[in-house]
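Please walk me through this protein in the viewer, one selection at a time. For each stop, say what to select and what is found there.

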Amino acid sequence: MNNDKIGKLSFHALLGEIEIRSLTEDKLEAALDVLNNSFFLMESVSIATEINLPQNVKARKELRELCRLTAQDGVSLVAIEKCTDTLVGVSFNKIQFPSIDSEEEPFFLKFRNNSTHTPQAQALMDFMITVDSEQDVFKKFDLTSVCELMFLAILPTWQKRGIGRALTAATIELTRHLSKGKEDKKSIANFPKPQAVTALFTSKYSQRIGQSLGFRVLNTVPYKKFHFNGKAFSDRIDSMHDCCQHVIYFV
């Protein structure tokens, strides 16, 4: 991995005092810390699987490692406050493609089976794997690759300023760029060109972002359908967030 650059592209977009750009090596730990200070504490499925509880440090560390591996694809994005160079938001994005070998496990399943040991992290991964599998986008739309917006996180003090929407829009734009074969000369790997952006939007907030940007809803999954540690997901999640949406945006 390049010492100062994870990203395949030098991606820049401006949102007032905020700059959206490719995640670089020097910002990786700060991006992972944003997960600890927002996503793992406030995101619906993290709450449902008790990843948010203080004692479940190991589960959070396992999911940080998931994001560390995901960052190696070079398509994750961060939001930076320009005047202080402070990282305030991140979109961990993963290039996904169908397994060529029928015996090869998909990325999430492989990580779940080999790299998670806590029931909390395993439950979150099981949720992602299950919802993704209910609508196989590769078979349904004859796709060879997608960019999955895996985790979207904004620091609490920076929420409700349009940063989540900006990161999502930038993910679409970056995916469109890659779909046309416009890779940086310093690319660290080759992969099938993504034809769409997919995501699991787990709150009303992210679902509104998706709707405003034109994502297509493939599947709506109620939280009461899933259980962890003796309770339905819906028993722990705020009732305003009653479902997850599996969505797609074709570039």
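**Whole chain**

This is a predicted model, in which local features need pLDDT of at least 70 and side-chain atom pairs count only at pLDDT 80 or more, while totals for chains, interfaces and linings use all residues. Residues are numbered from 1 along each chain as its sequence is written, and side-chain values use heavy atoms, with hydrogens and water left out.

Start with a cartoon view: the protein has nine helices and ten strands. These are DSSP runs numbered from the N terminus, helices being H or I of at least four residues and strands E of at least two. Of the 251 residues, 54% are buried; buried means under 20% relative accessible area, exposed over 50%, and partly exposed in between (1.4 Å probe, protein chains only). Among contacts (heavy atoms within 4.5 Å) between residues at least 6 apart in sequence, 73% join residues at least 24 apart.

**The cores**

Select Leu35, Phe92, Phe151 and Phe233. In the largest nonpolar core, which has 59 residues, these four touch the most other members. Such a core is a set of buried Ala, Val, Leu, Ile, Met, Phe, Trp, Tyr and Cys residues joined through side-chain atoms within 4.5 Å. A second, separate core has ten residues, including Val197, Ile209, Leu213 and Val247.

Return to Phe233 and show its surroundings. Not counting residues up to four places away in sequence, Phe233 touches Val45, Ala48, Thr49, Phe127, Tyr223, Phe226, His227 and Phe228.

**Strand S5 and its partners**

Next select residues 146-154, strand S5. Eight of its nine residues are buried, so S5 is largely enclosed by the rest of the structure. Val90 has Ala153 in S5 as its bridge partner.

**Thr118**

Move to the loop between helix H4 (107-115) and helix H5 (119-134), where Thr118 lies. Thr118 counts as buried, at 9% relative accessibility. Leaving out residues up to four places away in sequence, Thr118 touches Lys58, Ala59 and Glu62.

**Salt bridges**

The whole structure contains 14 salt bridges, each a side-chain nitrogen of Lys or Arg within 4 Å of a carboxyl oxygen of Asp or Glu.

Select Glu17 and Arg161, whose closest N and O atoms are 3.9 Å apart in a salt bridge. Glu17 lies in the loop between strand S1 (12-15) and strand S2 (18-22) and Arg161 in the loop between S5 and helix H7 (163-179), so the pair ties together parts 144 residues apart in sequence.

Now select Lys27 and Asp85, a salt bridge with its closest N and O atoms 2.9 Å apart. Lys27 is in the loop between S2 and helix H1 (28-42) and Asp85 in the loop between strand S3 (77-81) and S4, 58 residues apart. Which of the two is buried and which partly exposed? Lys27 is buried, with a relative accessible area of 9%, whereas Asp85 is partly exposed at 39%.

Finish in helix H7. Arg176 and Glu173 form a salt bridge with closest N and O atoms 2.9 Å apart; being three residues apart in the helix, Arg176 and Glu173 are separated by about one helical turn.

Conventions:
Two strands pair if DSSP finds at least two bridges between them.
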